[in-house]
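Hi,

Here is the structure I promised to pass on. Have a look at it first, and then read my notes below.

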Amino acid sequence: METYLHNPIKIKHARDISHYDESMLKSIIKQNHLNASFFEIAIFISLFIFGLFSEIPFFIIPAGASIILFFTMLFILMSAFYTWLKGWTTIVIVGVFILINFLSKSEFFTYSNMAYGLNYNIENADYSVKNLKKLSSSHNKKDYENSLAILDNWKKKNSSATKPKIIFINTSGGGTRSTMWTFYMLQVIEKLTDEKLFHQTHLITGSSGGMIGAAYFRELYLQKKTLKKSIYAPEYLTNISKDLLNPIAFSIATNDFFLRTKKYYDGKYTYWKDRGYSFERQLLINTDNALNKRLRDYHLPEYNSEIPIMILSPTVINDARRMLISAQPISYLTNNNPIGKVTSEPIVENFEFSRLFEKQDASNLRFTSALRMSATFPIIMPRVSLPSNPQITVMDAGMRDNFGKITTYRFIYTFKEWINSNTSGIIIISFRDKQKNLKIKDNSLRSITETFFSPVGSLYENLFPIQDYNQDDMLQYLGDNLEQPIDVFDFELDNSENNISLSWHLTTKEKEIVLNSIYSVKNQKVLNKLVNTINE
């Protein structure tokens, strides 16, 4: 006799059904399965329609719920297929996957993400070694003189000091934790130095979330005369640390991996809406549209030294080159020609975004798209495809230079003569989302699986320490080329136990950890020394 569990905890015997006609029972079960499959398809379509309202805050659900929703939709589809296809389900699903994967290579079915403001409707830019070499050496003198003029404007702005110290800011990636940490530290240091920090800062570089925080503070600094509140107001820190993950996850669940129907119109250009669009839109909402600018909008303020120059450097997936995005022409930073008695054929490591995509309306690039290209986490954020031949895609700047120091050191070396003659020293401020000197792990006892995968895992885990090793060496060599002292100040987020998630969302507890990191013994010591150095 069969039994079943009856609500709540009673066990009952199942009724005898031997007197029913077996064929009738099978037909009823089959009909119920078909009805269930139609109901599942209706739910799938309803969820898809639900995604059409993703820009209405009421419909946005938490990221965790969006992930569950995404996998629920997959199970719904597989369940419906099984009802219709039975034993052929696995073969058909694999076949459909192969077909979709094959069709995704064509332009009609492609799901490529685009940089908003660029023209994808004309002839693509020539991304070849020959053209990159040409671009890196064609405008050096002109661009060098342009940057000298900006340095002279910086000097005039700081004419009250006989020979002021020039400041460079480097900020690491790390999602919203780095965004909040960078913005908060800029607020604190600017206030403690009586607003001398940004007055003497010439260049900001870095990657990912840190650059978003720095960009927001820089924009507020530019607008400070028209702001209703002081740039030190807590609400600005609240704005930049608001959630960005929920709209991204919701877009993934209801739109990105199935069918895109909504378009985004940016002037005369049209793009498909996806999670990249959701990220930029939410960032603008969180910051009250402060970053609603084009790349060209920063050219004049930077040239007049009203604000520091900002250089973003997303990584090209095709060949690991760095794409330098700046409102200023900076071809001298891409020049890698042999100097002195060196005879070699160096590889072109960097190229200018504005020069390569000049005909594609590079100066019209939305600044939020530039920030997004520099902060593209794999899977969570879509890789950005650019209008070049062959087509290149870019992702997080941290893959090559998480702290922006390569760009900073190259800039200092390029203008070392001017710096030696016109400043009393260099201050490099670094905002890190974790400690520089990490504890050495004991990996003596490993399972077979850990041993097998450890080379790949170790390479990823040590990606940023490797950058630190190389960049510390670069700094030592750079010091030999300068007469003026170089003072480096590292501010480290208290994340030794990885208790702050690498995400576009921070919990209240995580935000408290970020804010309290400034009170660590090391950070307090560095802060006092920095303030004294700037105020000398």
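At what angle do helix α16 and helix α19 pack, and how far apart are their axes? Before the answer, a word on where the values come from. This is a predicted model, so to speak: local features need pLDDT of at least 70, side-chain atom pairs count only at pLDDT 80 or more, and totals for chains, interfaces and linings use all residues. Residues are numbered from 1 along each chain as its sequence is written, and side-chain values use heavy atoms, with hydrogens and water left out.

**The helix pair**

Helix α16 (residues 405–414) and helix α19 (residues 463–479) pack at about 10°, and their axes are 11 Å apart. Helices here are DSSP runs of H or I with at least four residues, strands are runs of E with at least two, and both are numbered from the N terminus. Axes are lines fitted to C-alpha atoms, for helices over the stretch in contact, and angles run from 0 to 180 degrees between N-to-C directions. α16 and α19 are therefore roughly parallel to each other (angles under 35 degrees count as such). On the α16 side, Lys405, Ile406, Tyr409, Ile412 and Tyr413 meet Gln471, Met474, Leu475 and Leu478 of α19, where contact means heavy atoms within 4.5 Å. These residues divide into 7 nonpolar, 1 polar and 1 charged (Ala, Val, Leu, Ile, Met, Phe, Trp, Tyr, Cys and Pro are nonpolar, Asp, Glu, Lys and Arg charged, the others, Gly among them, polar).

**The sheet**

Next, there is an open sheet of 5 strands, in the order β9-β6-β5-β16-β17, with parallel pairing; two strands pair if DSSP finds at least two bridges between them. β9 (309–311) and β17 (486–492) each have a single partner strand, so one side of each has no neighbour in the sheet. On average, neighbouring strands are turned by 15° against each other, direction ignored. β16 (residues 425–432) pairs with β17 over 7 bridges, and Ile426 has Ile486 in β17 as its bridge partner. Helix α21 (residues 521–534) packs on the sheet and touches β5 (165–171), β16 and β17; its direction makes about 145° with that of β17.

Most residues other than glycine have a negative phi, and most peptide bonds are trans. Asn389 and Pro390 are joined by a cis peptide bond, with omega about 0°, and Pro390 sits in the loop between β14 (388–389) and β15 (392–395). Asp288, in the loop between α11 (275–286) and α12 (299–303), has a positive phi near 55°. Asp361 also has a positive phi, near 70°, and lies in the loop between α13 (353–356) and α14 (367–374). Asp288 is exposed at 57% relative accessible area, whereas Asp361 is partly exposed at 22% (buried is under 20%, exposed over 50%, partly exposed in between, with a 1.4 Å probe and protein chains only).

**Aromatic rings**

What does a search of the whole structure find in aromatic pairs? There are 24, counting rings of Phe, Tyr and Trp (its six-membered ring) with centres within 6.5 Å. The rings of Phe183 and Phe217 have centres 5.7 Å apart and planes at 75°, so this pair is edge-to-face (planes over 60 degrees apart). Phe183 is in helix α6 (residues 175–192) and Phe217 in helix α8 (residues 208–222), 34 residues apart.

Cheers

Notes: Angles under 35 degrees count as roughly parallel, over 145 as roughly antiparallel, 65 to 115 as roughly perpendicular and the rest as oblique. Rings of Phe, Tyr and Trp (its six-membered ring) pair if their centres lie within 6.5 Å; planes under 30 degrees apart count as stacked, over 60 as edge-to-face and the rest as tilted.
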